[in-house]
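Biologist: I'd like a close look at a single part of this model. Please pick one chain and walk me through it.

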Amino acid sequence: MNTLKKVIAGVLAGVTMISLAACGGSSSSDGAASSQQGQTVEQIKKAGTIRIATFGDLPPYGYVKNDGTRAGYDVALGNQVAKDLGVKVDWVQVNADGRVDALKSDKVDLVLANFTVTDERKQVVDFASPYMKVSIGVVSPDKAKITSADQLKGKTLAVTKGTTAETFFTQNYPDVNLQKFDSKTQQFQAFKDGRADALADDNTYLYAWAKDNKGYTVGIKTLGEESTISPAVKKGNKSLLDWTNKEIKTLTEQGFFEKAYQSELAPSFTSDIKPEDVIIK
Amino acid sequence: MVLSAIDSATTVLAADSGWTILFTGDNLTRLLGGLWTSVSVAGLALVFGIPLGVVLGALRIMHNPVLRAVLRLYLEFFRIIPTLVILFLFYYILPREMGVQVDGETIAVVAFGLWVAAEISDVVRGALISVPEHQVDAGKALGMNGLQLLWYVRLPQSVNLMVPATINLAARVIMTTSLLLLISVIDVVTVGQQIMEANRMAHPDSAFWVYGFVFLLYFIVCWPLAMIARALEKRAKERNNG
């Protein structure tokens, strides 16, 4: 994927140079940072549809049911947003790496695709208030349950390369023997085969995994810094950003996220997970 | 041997196995709908791209150096840059720079069409210059002009050289439509992935069946192309050999 990004970056540099040469000074006029970007709430209402980017392959957050309709926690929020705006949703399915560009190029008005807030992303899109939280969790067998990170000293922990879990344990717990894998499938398989005492990854994935695999519990639910998942709008779309912030606040007060948790997420998680482990109150 | 094969086949085809997923809900219609997207994008790209490519290919045998250089540049642009990057460029970057919004399927047809035209132009150029020079001279002796030489002398004698490469390209275009999720167009492979992920828990083995079915669909589309190519080549050969 990195090589692809390099190729794209190279091509873009070339295209930018050509377009700069071709357009001369004309491109400087749209540089004013304070101006409204993207569609305003009024324009969306007038158009009658809001275009929302979402995943189509990540149950229980965003997926497509066998009858062809979209479902999941992100989708439930999108449907509610459209209802409150009085418009229809035009779902645009994206990959993880298409989310920023879909906003930048005005392909969508809103991104609801398990979009974790990071400093790098804040530079290029505007995040509204969060509607979900995620952090590192540790799953272990019921027979030898691990409930605190100190218990892991001298034990083997399975992680996937490049994840926040790997970075966290390398920096904070050098006494833990990390066993690093290339893919999630591999790390889970190795862990099930007994090649590691525990496994660390995003807690939201682990809750669902523990549900499918009897005899395992997410003993440590949160470790290290907590990240949040937020709706995102085009950088500078103040109109929609303000509206979305207000909407999230109202929905939180009305208990919408708790209901959405119960209907969309709870069936996929183990029964010991409580709404407050995932949603924001 | 045969019996045990049948035995394992019945186990695989048991009612709770992953193949049932293909017929659950609207999945079959959705897969066929995805296939239609792939086929119509590829089909339109070929319908627009091939004639354009033939014209460009014919222009490339002319002696104007500027024209040749420009067309060569066009060809190399589409041949060197990966299709993935071209789609990204046409869908995300160009509208941003130019302030126009075009839907993903149109973008796909345009980007694939220009790619087809570039590849075809080289196929046509190669085939046209392979026609022996004395044939062209004979045409000139009859007083034909440039266009007549192309239409009555060069094209009929080189068209059978163009067919295999063109059919190859058509099959490649159909298969490259699997990249279309990048620009949010839902093709048959994406529908397959949606189905696999939605049924991950109930049917962990659905990947085998869904991908197997998608393979079958691609085969059904591409096999006739191979048959057409064979028939066309045969006809051209018979005609040329008198």
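Modeller: Here is a walk through chain A, with a stop at chain B at the end.

First, some housekeeping. This is a predicted model, in which local features need pLDDT of at least 70 and side-chain atom pairs count only at pLDDT 80 or more, while totals for chains, interfaces and linings use all residues. Residues are numbered from 1 along each chain as its sequence is written, and chains are lettered from A and ligands numbered from 1 in the order in which they are written.

Let's start with the sheet. Chain A has an open sheet of five strands, ordered E5-E1-E6-E13-E7, with mixed pairing. Strands here are DSSP runs of E with at least two residues, helices are runs of H or I with at least four, and numbering starts at the N terminus. Two strands count as paired if DSSP finds at least two bridges between them. The edges are E5 (88-93) and E7 (125-127) of chain A, each pairing on one side only.

Now zoom in on E1(A), residues 49-54. E1(A) runs parallel to E5(A), joined over six bridges, and pairs in the parallel sense with E6(A), residues 110-111, over two bridges. Ala53(A) is a handy landmark: its bridge partner in E5(A) is Val92(A), and in E6(A) it is Val111(A). Helix H3(A), residues 73-85, lies across E1 and E5 of chain A and runs at about 165° to E1(A). That angle goes from 0 to 180 degrees between N-to-C directions, with axes fitted to C-alpha atoms, for helices over the stretch in contact.

How is the chain divided up? The assignment, automatic or from a database, gives domain 1 (38-131 + 230-277) and domain 2 (135-227) in chain A. Nine residues of domain 1 and seven of domain 2 make the contact, where contact means C-beta atoms, placed from the backbone, within 7 Å. The domain 1 side has four nonpolar, three polar and two charged residues. In that tally Ala, Val, Leu, Ile, Met, Phe, Trp, Tyr, Cys and Pro are nonpolar, Asp, Glu, Lys and Arg are charged, and the others, Gly among them, are polar.

Over in the 203-212 stretch sits H8(A), a mostly covered helix with seven of its ten residues buried. Buried means 20 or more other C-beta atoms within 10 Å of a residue's own, with C-beta atoms placed from the backbone. Among the buried ones are Leu206(A), Tyr207(A) and Trp209(A). The buried residues pack against E8 (132-141), H7 (184-192), E11 (198-202) and E12 (216-229) of chain A.

Finally, the neighbour. On chain A, 28 residues are in contact with 28 residues of chain B. On the chain B side, H2 (27-59), H4 (83-98) and H8 (188-198) each supply at least two residues. H4(B) gives the most, with nine. By class, that side has 14 nonpolar, eight polar and six charged residues. As for H8(B), ten of its eleven residues are buried, so the rest of the structure largely encloses it. Val188(B), Gln193(B) and Met196(B) are among those buried residues.

Conventions. Contact = placed C-beta atoms within 7 Å. Buried ≥ 20, exposed ≤ 12 C-beta atoms within 10 Å, placed from the backbone.
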